Amino acid sequence: MIPDEIIEQVRDSVDLIALIGETVDLKKSGGDWRGPCPFHGGQHRNFAVIPKKGRYYCFVCKESGDAFSWYMKHFGMDYPGAVREVARRMGIVIPEARERQGPDPREPLYQAVAVAHDWFARQLRELPEAEEARRYLQGRGLDLDTVGPFELGYAPRSVLFAPAMSQLGLSEAVMLEAGLLAKRDDGRVVPRFRGRLLFPIHDLRGRVVGFGGRLLGDGEPKYLNSPESPVFHKGQTLYNLHLAKNHIRKEGTVILVEGYFDVLRLVLAGLEHVVAPLGTALTGDQAALLKRFSPTATLLLDSDTAGLKATFRAGDELLRHEVRVKVATMPPGEDPDTLVRTGGLAAVERVLADAVDVMERKIQILDRRGWFSDIEHRREALDRLLPTIRATKDPIQRELYLGLVAERSGVGKAVLEQEVNSASSLARLAPSATRPTEAPASRPAEPTRADGARAELVLLQLMVANGEWRTRCREGILPEWFEEPGRRELFEAVVAVAGDGPAVPPEGTPPKLAERWARMLAEPLPATGQEDRLFNDASRRLERRPKQRECDALLAQIRTASDAERGALMARHVKMVRDLRDEYPELSSAKGFNRGQRSRSARS
């Protein structure tokens, strides 16, 4: 196997114009080079080599790729052979493996996803059914030529996909493992993506490993990603990083946005150091990935409540990986996509120019809400600021944050530092030669099993009562967070109900589920006037619960570990406990969930 860093070096070094120019008559045209397409033939200069992106693209047959794709498609090479040939041309020596290694067992999956990607891209261009997708793009001010280099595709609603892939040599087993097909509870095998505009997701080598699908028409979820597979790990992948990484290095910073269209629009506008997580909160692995390419990041997310929540979570995660973080504040009701469409690149550049440090942005928001005006709110304000200080691993940055918060809150810097470091007292649990069998005993105050059950109940009651909560649950709650199977089934049924009013069971609802649903409709709301607080509290508890389970499992592992293993496991457990406290400070100090609700039934 060729190391990733060697592949990146080869890709960064290649002169794509010289490489392709050996067989294609290229002439400069603006920032690109144009020539007749070597794939579909003809004399017109529809084939473009775009050195700035390191890509080629044909505006007629839509063939596209990088230097490696060129050798694979034009000369019939496999991926490793293409990398080696380009490396040879660039004078880069790829070290030979000392021992003979077999083929990568994941190669059939890579090939399956690549074949599917080519097929999906062709459907977007040619399939009559895909006219809906083409109109959707046009409605957003985009046409196929404009988005061509992004290699978008379309997944038909019909059953064309599986037979087409079988004719191309893909087995059902490989397609299931690659996440292209899904097996339903009744045993039927169906395409995972149907009726969706598809965004290909690439790994750092530029290989397509999965897809993000935007639903066209009614239904949920609006966006659907490929499932986890041996080649696709959502929490370790960032959309567009394979193209953006060199621009990120050049700019010395990365812009983090929320979704696929935000990335697409900013890149088309000329900002190419842009990436997005794949529909979830930024993970530690994604933050570590960004740290490899840039010491700083600017968060350009929505400015509504959900967007701010995502912004500050991402900020803390990046600070844990010693990335300095700025927050750019979008105008109300705007996102990067709409901002570029209405104001062009200049509008985005003004927003980016006004970006402030993540801690300063937090203080601005709390100050605007009057949280520094009295003792009670000041304490709550500190509860929201201290986790960001704790997350900051850079000592100078942490010292600056301590000074800033002390000045604004009126609490002495020494007191704040003591409070910040109190979470670090868990370091006393580090392995000791005199206590080889001792396991960590100190942990954050944990929600009980009953607390989790009440959180599930509260969310279900809110969802059944009002469409606003169903929308918020669709956007931020995962079905797997519901541990009781009956409630998970009810959640999945209720969250799919459209409309603003109460959710009524549709015709055909199984009797047992309909009975649960009816009982939920009869329940009054948990606490009128406090729904927003209850929703946030319940959703945070359910989000935290699987992480707490992982922490508990590690603790159990420590109790049975050998002396040689225990030290590393204990250090890992200390970090997990600290991270839980930092990410969920309001739960770590809580004594229980919504004590006023303890007498309420959990009959669902």
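At what angle do helix H21 (residues 485-495) and helix H22 (residues 511-522) pack, and how far apart are their axes? In this predicted model, local features need pLDDT of at least 70 and side-chain atom pairs count only at pLDDT 80 or more, while totals for chains, interfaces and linings use all residues. Residues are numbered from 1 along each chain as its sequence is written, and side-chain values use heavy atoms, with hydrogens and water left out.

H21 and H22 pack at an angle of about 75°, and their axes are 10 Å apart. Axes are lines fitted to C-alpha atoms, for helices over the stretch in contact, and angles run from 0 to 180 degrees between N-to-C directions. The two helices H21 and H22 are therefore roughly perpendicular to each other (65 to 115 degrees). On the H21 side the contact involves Gly486, Arg487, Glu489, Leu490, Ala493 and Val494, and on the H22 side Leu513, Arg516, Trp517 and Met520; contact means heavy atoms within 4.5 Å. Helices (H or I, at least four residues) and strands (E, at least two) are DSSP runs, numbered from the N terminus.

An open sheet with mixed pairing is formed by five strands in the order S13-S12-S14-S15-S16, where two strands pair if DSSP finds at least two bridges between them. Its edge strands are S13 (274-275) and S16, each of which pairs on one side only. Strand S14 (residues 296-299) runs parallel to S15 and is joined to S15 by four bridges, with Ala297 opposite Val325 of S15. S12 and S14 also pair in the parallel sense, over three bridges, and Leu256 stands opposite Leu299 in S14. Both faces of S14 are covered, with Thr296 and Thr298 buried on one side and Ala297 and Leu299 buried on the other (buried: under 20% relative accessible area, 1.4 Å probe, protein chains only). Helix H13 lies across S12 (254-256), S14 and S15, and runs at about 175° to S14. S14, H13 and S15 together make a right-handed β-α-β unit; with the strands pointing away from the viewer, the path from the first strand over the helix to the second runs clockwise.

Helix H15 (residues 358-368) has Val358, Met359, Arg361, Lys362, Ile363, Ile365 and Leu366 buried. These buried residues pack against H13 (305-320), S15 (324-327), S16 (356-357), H16 (375-391) and H17 (395-409). The N-terminal end of H15 is capped by Asp357, with a side-chain oxygen 2.8 Å from the backbone nitrogen of Met359. After H15 comes Gly370, which has a positive phi near 80°.

A further open sheet consists of five strands in the order S1-S2-S3-S4-S5, with antiparallel pairing. S1 (27-29) and S5 (64-65) stand at the edges with a single partner strand each, so one side of each is left without a neighbour in the sheet. Strand S4 (residues 55-58) pairs with S5 in the antiparallel sense over two bridges, and Tyr56 stands opposite Gly65 in S5. Helix H3 (residues 67-75) packs on this sheet, touching S3 (47-50), S4 and S5, and its direction makes about 50° with that of S4.

Ala178 is found in the loop between H9 (172-177) and S7 (181-183). Ala178 is buried, with a relative accessible area of 3%. Leaving out residues up to four places away in sequence, Ala178 touches Leu109, Val113 and Ser229. Ala178 and Val113 are 65 residues apart in sequence, with a C-alpha to C-alpha distance of 6.9 Å.

Definitions and conventions:
Buried < 20%, exposed > 50% of the residue type's maximum accessible area, 1.4 Å probe, protein only. Polar contact = N/O pair within 3.5 Å; in protein donor to acceptor, adjacent residues only side chain to side chain. Parallel < 35°, antiparallel > 145°, perpendicular 65-115°, else oblique.
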